[in-house]
Amino acid sequence: MNPNEMGFVFSTAGILEQAKMNLRKGSKVWVGDKNLAWVAAEITDFIGKQAQVVTTSGKKILSSPEKLFLRDADEDEELGGVDDMTKLTYLNEPGVLYNLERRYALNDIYTYTGSILIAVNPFTKLPHLYNAHMMEQYKGAPFGELSPHVFAVADASYRAMMNEGQSQSILVSGESGAGKTETTKLIMQYLTYVGGRAAGDDRTVEQQVLESNPLLEAFGNARTVRNDNSSRFGKFVEIQFDASGRISGAAIRTYLLERSRVVQITGSRKELSLFLPVMCIWEGNLSLLTCLTICLSFPLFLSLCPPYHMHQLITDAEKYKLDHPSHFHYLNQSKTYELDGVSSAEEYMKTRRAMDIVGISHEDQEAIFRILAAILHLGNIEFSPGKEHDSSVVKDQKSSFHMQTAADLLIHHMTLSQAEFDAGSYLVHNLVVRCDVDLLLAMLCTRTIQTREGSIVKFLDCSAAITSRDALAKTIYARLFDWLVEKINKSVGQDLNSKIQIGVLDIYGFECFKYNSFEQFCINFANEKLQQHFNEHVFKMEQEEYSKEEINWSYIEFIDNQDVLDLIEKPVPSPCLDFFWWFFGVVSFLIWFLCFR
Ligand SMILES: Nc1ncnc2c1ncn2[C@@H]1O[C@H](COP(=O)(O)OP(=O)(O)OP(=O)(O)O)[C@@H](O)[C@H]1O
């Protein structure tokens, strides 16, 4: 991606400038506060190396001058804050936060910092901000002329694409729950508005992209500590345009599905509930089945469904041998089986509808639910030690039942081509290939190692068998997700001839738990890379430009995360490697010398 072609939407502000300090008595400053983060104060005296400040509430504090930030003096007059933070005299963290707070209080959730848009999550519906009238207002309006808005960023990208004939990208970044996915949807809504096809067309590409969202969310979202509907995958939506600026195709690319959530929640409930009001539960990935089972067991949910749906849910649950979610290991770890304000039955039907819209046949829909049910049954297979050393067997009858059911559900429908049909001795074109339960057992309890002499079968102990079971469940789920994305892309249709497109990247945010999985590491690494791209775009390139043109200005200090990236992705410098091999050689020689001489 060419950074010059990028628009940015940032949902949180980063640390900006610690302005060159010029403190004296009477200076208005920000001083750190344990509860409020920052409070406004004024310097009244200097005692030794410390500055004495008096806060607006009259509290006297001694602070080292380096910990103080200069504050704009005019905040009392301009109660609404500034719509572009570059207008602030002192662009520092407390100044930025205070400005955002003042604007937020007036429901102004958007603020510019130059060409970057900062969005503060309103956690409430603001329909007046996103209606057709607003879209019409922003259409073609020069950037910065109207109040800051996500439509202005989308419009600027669209205009730049049309005027320069170059593809554009919009990066939506921020921590979990900041509002990235909502912002992405609004950008798509606007692009749909300006680049929509002529009236009278059948279901348009843009409609299909928007309509496929519930499907992706049903399979790729989960409840986390910060967000009830957190995307657990990154998404890059490419909207393709023809030369006249009309949408001609689209493609959705997904990244880094957090597949470990299929088999376990991220942190233990106890740890999370100590600090946070919402427990981290795993829900969205199998929300369809959860709702199937919840609907069966809770009359309340049943009463929410129209009779046809009720009937369908019951038969589906019976068909897949499902029960209350508390009976399934992959669902009961959080002990939470419903979300406030979310009707599982409605969600289930919404997802079914989205499948119809995307063109997933009823046979394929059946297959999807069978696979999901099979994953749930897989999770209930337990193991006990076998007769052989370090081996394992299926624990009891209950586990055997779940294994048999999983195998029965993992059937594969094959439609043979005429050539295949003619070549083989098949009686039918359509074959149903069942999963052999003995093969499934062997897959879970043993590992086959290929050697030069042939293959060796190694028994797995109980914990290794459980790891193997979970790995299978995760892999099946991830493949199903990829298949769904492929299906959506086929249904939406890409325009392979398109020369210009707008890409919207919605990548899920940085998170840090007590124990972080490898997946979390990859997610955080991706976020660090994006941060570096942002640093390069906003700070480094601008500063280089100023230096080149010999413009006198003070350097902005920013936290450069290049060291973190180097630590992860840079090859080990060769002197270290050389030393390692030298050291290894010496130690090997000594061992050989001491043992054999
Ligand atoms: N512009 C907005 N208007 C109204 N509500 C919003 C807006 N942006 C976000 N929200 C609310 O915040 C919730 C969380 O937003 P969203 O799912 O977009 O966060 P996210 O940054 O994508 O989180 P994650 O990284 O966990 O997926 C939404 O479900 C919605 O209720």
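Colleague: Is the crossing of α3 and α4 left-handed or right-handed?
Modeller: A crossing is left-handed if the near helix is turned anticlockwise from the far one by less than a right angle, and right-handed if clockwise. Helices (H or I, at least four residues) are DSSP runs numbered from the N terminus. The crossing of α3 and α4 is right-handed.

Colleague: What should I know about the model and its numbering?
Modeller: The model is predicted; local features need pLDDT of at least 70 and side-chain atom pairs pLDDT 80 or more, while totals for chains, interfaces and linings use all residues. Along each chain, as its sequence is written, residues are numbered from 1.

Colleague: How are α3 and α4 set to each other, by class of angle?
Modeller: Axes are lines fitted to C-alpha atoms, for helices over the stretch in contact, with angles from 0 to 180 degrees between N-to-C directions. Under 35 degrees counts as roughly parallel, over 145 as roughly antiparallel, 65 to 115 as roughly perpendicular, and the rest as oblique. Helix α3 (residues 150-164) packs on α4 (residues 180-195) at about 50°, axes 9 Å apart. The pair is therefore oblique.

Colleague: Which residues of α3 make the contact with α4?
Modeller: Contact requires C-beta atoms, placed from the backbone, within 7 Å. On the α4 side, the residues include I187, Y190 and L191. On the α3 side, they are V150, F151, A154, D155 and Y158.

Colleague: Is V492 buried or exposed?
Modeller: A residue is buried with 20 or more other C-beta atoms within 10 Å of its own, exposed with 12 or fewer, and partly exposed in between. V492 is placed in helix α16. V492 has 22 C-beta neighbours inside 10 Å and so counts as buried.

Colleague: How does α12 run relative to α16?
Modeller: The axes of α12 (residues 362-379) and α16 come within 9 Å and cross at roughly 165°. The relation is therefore roughly antiparallel.

How values were computed:
Helices (H or I, at least four residues) and strands (E, at least two) are DSSP runs, numbered from the N terminus. Two residues are in contact if their C-beta atoms, placed from the backbone, lie within 7 Å.
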